[in-house]
Amino acid sequence: MKSIQAEVEAVDGWLNPEEGRLLYRLARRCKGRGAIVEIGSWKGKSTIWLSNGSLAGSHAKVHAIDPHTGSPEHSEMFGKVWTFEEFQRNIEQAGVTEVVVPHVDFSTAVAKTFSESVELIFVDGLHEYEGVRDDFEAWFPKVVNGGWMAFHDTTCWPGVLNVVVNSVFKSRRFRKIGFRRSIVYAEKVAENTFVERVGNRIMLALFLLHAWSERFVWRLVHNYLDCGPTRAFVAYIKRKRQLRSVPAPMGSERVGAP
Ligand SMILES: C[S@@+](CC[C@H](N)C(=O)[O-])C[C@H]1O[C@@H](n2cnc3c(N)ncnc32)[C@H](O)[C@@H]1O
């Protein structure tokens, strides 16, 4: 997995390595009972993790759905967005083209004509409540029982959090719910048992605590610590470290120095 991590490090995106490794494991354990679907590919970071997992397992196709025009927050940040060519280049460079099926379109439009069963879906497209809810409603019926749904950015986007709380944690159709950093994942079942429902509620309490602490740390870093004096201090420490690692010029060693 280290080589995949090195590979994706150069790819622009928001997925962190811990989340990437989770996607890899979820994709690797697919048994070939359906396709792998990704909603929101951007430049391919999560696609590469999922595809490598698939290649280490059942070689299921990874349907990478994205209009490649960015989400509203990206347009606000970067203006006009077009990521398809860079996505394709990154997929080729990672050597996973054989399992990736790109769909340059919106997820709900693709859902209308997508007739295959789905064994794993990773949802990372729109992040407002209505958008995530629409993705959930369009794709949940296609996921086989025993298949998995995973959602990114559940801790920092209230809309995503609300959807997973109401439609996953409190649902009778999921069990084995887990979370890693900002991803919540769960196995779909015909109907969960009473014991599984109790387990889901316990996980919900733990998850809400986790989401709160993630947001607290994020706010602390971005609102309070990311200011001029702290940045200057960090730069000073970095510079000191660099100077320490530069070898002394020839002949300048002190004789007898320890
Ligand atoms: C946060 S980025 C995805 C990041 C990506 N998963 C990664 O690991 O780098 C969200 C992506 O969702 C895409 N998107 C926005 N609306 C969408 C929709 N309705 N259906 C599918 N993708 C959508 C955007 O174009 C954007 O590339």
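Reader: In which order do the seven strands of the open sheet stand?

Author: The open sheet has the order β3-β2-β1-β4-β5-β7-β6, and its pairing is mixed. This is a predicted model, in which local features need pLDDT of at least 70 and side-chain atom pairs count only at pLDDT 80 or more, while totals for chains, interfaces and linings use all residues. Residues are numbered from 1 along each chain as its sequence is written. Strands (E, at least two residues) and helices (H or I, at least four) are DSSP runs, numbered from the N terminus.

Reader: Why do β3 and β6 stand at the edges?

Author: β3 (100–103) and β6 (174–180) each have a single partner strand, so one side of each is left without a neighbour in the sheet. The twist from one strand to the next averages 15°.

Reader: How do you know that β4 and β5 pair?

Author: Two strands pair if DSSP finds at least two bridges between them, and five bridges join β4 (residues 118–123) to β5 (residues 143–151), so the two are paired, in the parallel sense. Leu120 stands opposite Trp148 in β5.

Reader: Why are α7 and α8 called oblique to each other?

Author: Helix α7 (residues 129–139) and helix α8 (residues 158–169) pack at about 40°, with axes 7 Å apart; the axes are lines fitted to C-alpha atoms, for helices over the stretch in contact, and angles run from 0 to 180 degrees between N-to-C directions. Angles under 35 degrees count as roughly parallel, over 145 as roughly antiparallel, 65 to 115 as roughly perpendicular and the rest as oblique, and therefore α7 and α8 are oblique.

Reader: Which residues of α7 and α8 meet?

Author: Tyr129, Val132, Arg133 and Phe136 in α7 meet Gly159, Val160, Asn162, Val163 and Ser167 in α8, where contact requires C-beta atoms, placed from the backbone, to lie within 7 Å. By class, this contact has five nonpolar, three polar and one charged residues (Ala, Val, Leu, Ile, Met, Phe, Trp, Tyr, Cys and Pro count as nonpolar, Asp, Glu, Lys and Arg as charged, and the others, Gly among them, as polar). α7 also lies across β1, β4 and β5, running at about 175° to β4.

Reader: What makes α1 and α3 roughly antiparallel to each other?

Author: The axes of α1 (residues 2–9) and α3 come within 10 Å and cross at roughly 160°, and α1 and α3 are therefore roughly antiparallel. Ile4, Glu7 and Val8 in α1 meet Lys45, Ile48, Trp49 and Asn52 in α3, a contact of four nonpolar, one polar and two charged residues.

Definitions and conventions: Two residues are in contact if their C-beta atoms, placed from the backbone, lie within 7 Å.
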